[in-house]
Amino acid sequence: MTNAELIAALPKAELHLHIEGTLEPEMLFDLGERNRVELPYPDVEAVRRAYVFEDLQSFLDIYYAGCRVLLTEQDFYDLTMAYLRRAAEDHVVHSEIFFDPQTHTERGVPYETVLGGITAALADGERDLGVSSRLILCFLRDLSAESAMETLDTALQNGGITAVGLDSAEVGHPPEKFLAVFDRARAEGLRTVAHAGEEGPPEYMWQALDRLHVDRIDHGVRCTEDEQLVARLIEEQVPLTVCPLSNVKLRVFDSLEQHNLAEMLRRGVRVTINSDDPAYFGAYVGENYAACADGLSLTAVELMELARNSIRASYLEASTQQTHLEQIDALGQQANL
Ligand code: HPA
Ligand code: ZN
């Protein structure tokens, strides 16, 4: 079995995926037309040419601008369904999906519209495609803690989410800014994750662990600047949801060959591979696995370990995790690994 065949056959969980980041240029144009929203691009090719980024902020500016075409429940349904179909092609069996409600409520789109469209698609995706899912609400960390608390209030009234997280511009917005919001979320029975150590320092990862008590860290690649932090991550088997091609596109690493994913994996950190914003970075999760297999010379055994990590780090109940892990084991036996 080649690595490409193995990657295609492995059951995988995707744990770091912004639904707004799955808006492909074709859908951007279709929804722009449907909703009469003018776009600053003449055609789809011009959109793709514009997707060259210097850093996280230069990406976020374009990503938030794209969100302007998302207005109705149907828009959010179509966006989510298109992602689930694409994920199923990559043999993603489970996806934990971020959404950014403040990006939409700030434009006057009701929270219920966003949630309703996404959750209807998740139910259909599980029934028709066999992709199970969980929903994670991300607070925009460059907005105030008060705005996050109001969003949490609305979310608690509506239900339907498993966890809360933090995304958007990291530097200058440390996790501890959201201490009260995360305390409240946990008290209400929600799980917690946070983007940290993407562009921000290892200190933000310590804060995410010690102050926000997160279950996982999203990105976390700057941990290797701090030996004590790496030791902690290994000791506690804290999952990192790493997005290798996102990191290259946003210039966290100069090239994939310089990415520290393989180093972390070989040292025993529980790393997983994910796509982040696949429409903007030009690669879905299978393509991220394939690029790492090539660029970082991952072995078949390591690819299986990454898939196992993704299942173990998910919010799936233990019995369902076990079923997926047994399928991975069976595949390993078939491939004599
Ligand atoms: N980092 C921070 N915020 C984001 C990202 C990311 O990778 N993608 C979408 N919002
Ligand atoms: Zn992200």
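Before starting on the sheet, I noted the pairing rule: two strands pair if DSSP finds at least two bridges between them. Helices (H or I, at least four residues) and strands (E, at least two) are DSSP runs, numbered from the N terminus. I also kept in mind that this is a predicted model, where local features need pLDDT of at least 70 and side-chain atom pairs count only at pLDDT 80 or more, while totals for chains, interfaces and linings use all residues. Residues are numbered from 1 along each chain as its sequence is written, chains are lettered from A and ligands numbered from 1 in the order in which they are written, and side-chain values use heavy atoms, leaving out hydrogens and water.

**Entry 1: strand S5 and its neighbours**

I looked up S6 for the bridge partner of His-195 and found Asp-218. S5 and S6 (residues 216–219) run parallel, with four bridges between them. From S5 the chain passes through helix H10 (residues 202–210) to S6, a right-handed β-α-β crossover (with the strands pointing away from the viewer, the path from the first strand over the helix to the second runs clockwise). Turning to S4 (residues 163–167), I found two bridges to S5, again parallel. Val-164 has Thr-192 as its bridge partner in S5. The S4 to S5 crossover goes through helix H9 (residues 179–187) and is right-handed too. Five of the six residues of S5 are buried (under 20% relative accessible area; over 50% is exposed, in between partly exposed; 1.4 Å probe, protein chains only).

**Entry 2: the zinc ion**

Which residues coordinate the zinc ion (ligand 2)? I found His-16 (NE2), His-18 (NE2), His-195 (NE2) and Asp-276 (OD), at 2.1 to 2.3 Å. Donors here are N, O and S atoms within 2.8 Å of the metal (3.2 Å for Na, K and Ca); water is not among the atoms, so sites may look incomplete. His-16 lies in strand S1 and His-195 in S5, so this pair ties together parts 179 residues apart in sequence. His-16 is buried at 0% relative accessibility, and His-195 is buried at 5%.

**Entry 3: helix H4 and a serine**

I then checked H4 (residues 56–66), where the buried residues include Phe-59, Ile-62 and Tyr-63. Ser-147 sits in helix H8 (residues 145–158) and is buried, with a relative accessible area of 18%.
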